[in-house]
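Morning, everyone. Here is the model for today. Take a moment with it, then we go through it.

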Amino acid sequence: MSAVLAAVPVSGSWIAFVIVGLGSYVFRLVPMIVGGRVGLSPTAERSVHHAGIAALTALIVSAAVPVGPASQVGASVLAVGVGTVVAIRGGSMLRITVVGYAVFVAAHHLAERVL
Amino acid sequence: MSAADLAVGHGVPTATEQPGRREAARGAAAMLPLMLGYAPFAMVLGAAIAAHADPAAGWAGIWLVLGGSAHLATLRALDDGSAWLAVATGLVVNARLIVYSASLSTVWRRHPGWFKAVGAALLIDPTWAVAQSRSGEPGTPADQRRFYLGAALTLSAGWCLMITAGMVVGARWSERLDLGVTVPLCLIALVGPRLVDRDLRPTVVAAAVVALVARGWPAGSGLLVAVVLGAAIGTVRRTSP
């Protein structure tokens with residue numbers, strides 16, 4: 001298969017996506033099935049729960065701190081900070097998004113004028 | 001048909017049909033703002049697919065991979081000429097799905113096999129977050145299923161449409177709007193209440209620091225480190241006196 005992948009780039013793309021897709025489906029399904037049948041210990045359940053929150057936090061932070069000019073990064077961090085406060089106060093997704101985006105646009109505009 | 005079957009929604013929908021539809025609509029509505037946030041990324045991915053040597057394979061990757069980061073990483077590695085590196089990169093980036101799946105094993109224990117098979121195929125960061133969030137709310141397992149499927153199918157269809165649009169029009173217009181910031185805002189909305197959970201605070205802080213430090217690391221490896229650290233903190237705090 002290695003030779004096929006190397007020699008035929010078009011087929012290689014299909015094979016690569018199919019393998020990644022199948023592998024991803026295994027990642028998505030097998031732990032759920034195994035965990036449901038075997039049953040996780042309280043410690044393992046707790047570790048998995050914390051790991052999930054950690055993954056989501058890491059995704060939020062990496063999306064909130066984009067690679068770009070300082071004005072964009074600063075505005076993005078400020079917007080996410082304000083969005084976090086609104087979320088903690090129980091705001092809906094729409095409110096968090098609208099308020100956060102408004103803060104981002106205003107801060108970005110201001111920063112570009114000042115800097 | 002047993003009472004248990006009816007309780008988990010295996011029966012013919014009768015009086016619960018309307019609430020069921022409402023649940024699916026609620027799930028779809030929960031995803032709509034998030035789709036707006038993902039629009040710039042979808043456009044960028046669409047433009048990358050259009051420029052790829054085999055756009056049909058790239059487009060098929062939307063449904064095969066169903067994950068923007070892994071899809072784009074795979075595509076870029078393929079463009080660099082290494083199919084095996086592309087496979088490895090895509091799988092490493094999607095390895096966090098193991099954690100999501102494992103954490104749903106308890107939440108979805110009462111659901112039937114068909115739902116696990118379908119639900120797993122649509123499992124990705126936002127759908128995991130809504131599944132976790134909905135499991136803590138009142139309602140039957142059938143309500144949870146309808147909510148999840150409403151959310152996940154809306155996200156998947158919208159994701160596919162946006163990427164396809166990106167293939168046609170390119171990424172330029174969406175970059176002008178700077179909609180990328182709405183992605184973390186929507187994710188915060190999904191996990192908001194948990195951010196102040198005292199038990200989870202060390203995990204959240206540690207993961208945030210790791211994500212900041214590891215921003216430039218290759219192939220989502222920073223995310224994996226954050227996941228491992230989060231799991232370790234969960235374990236240590238359990239075993240500490």
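A salt bridge here is a side-chain nitrogen of Lys or Arg within 4 Å of a carboxyl oxygen of Asp or Glu. By that rule, chain B and chain A share zero salt bridges.

Some ground rules. This is a predicted model, where local features need pLDDT of at least 70, side-chain atom pairs count only at pLDDT 80 or more, and totals for chains, interfaces and linings use all residues. Residues are numbered from 1 along each chain as its sequence is written, chains are lettered from A and ligands numbered from 1 in the order written, and side-chain values use heavy atoms, without hydrogens and water.

Back to the interface. How many residue pairs are in polar contact between chain B and chain A? Ten, with both residues at pLDDT 80 or more. A polar contact is a pair of N or O atoms within 3.5 Å; within protein, one must be able to donate a hydrogen and the other to accept it, and sequence neighbours count only if both atoms are side-chain atoms. Helix 6 of chain B, residues 96-107, gives the largest share of the side touching chain A: eleven residues. Helices are DSSP runs of H or I, at least four residues, and strands are runs of E, at least two, numbered from the N terminus.

Contact means heavy atoms within 4.5 Å. Chain B brings 83 residues to it, chain A 65.

Now chain B itself. Its secondary structure is 13 helices and zero strands. Of its 241 residues, 52% are buried, meaning under 20% relative accessible area with a 1.4 Å probe, protein chains only. Among contacts in chain B with a separation of 6 or more, 77% join residues 24 or more positions apart.

Definitions and conventions. Buried means under 20% relative accessible area, exposed over 50%, partly exposed in between (1.4 Å probe, protein chains only).
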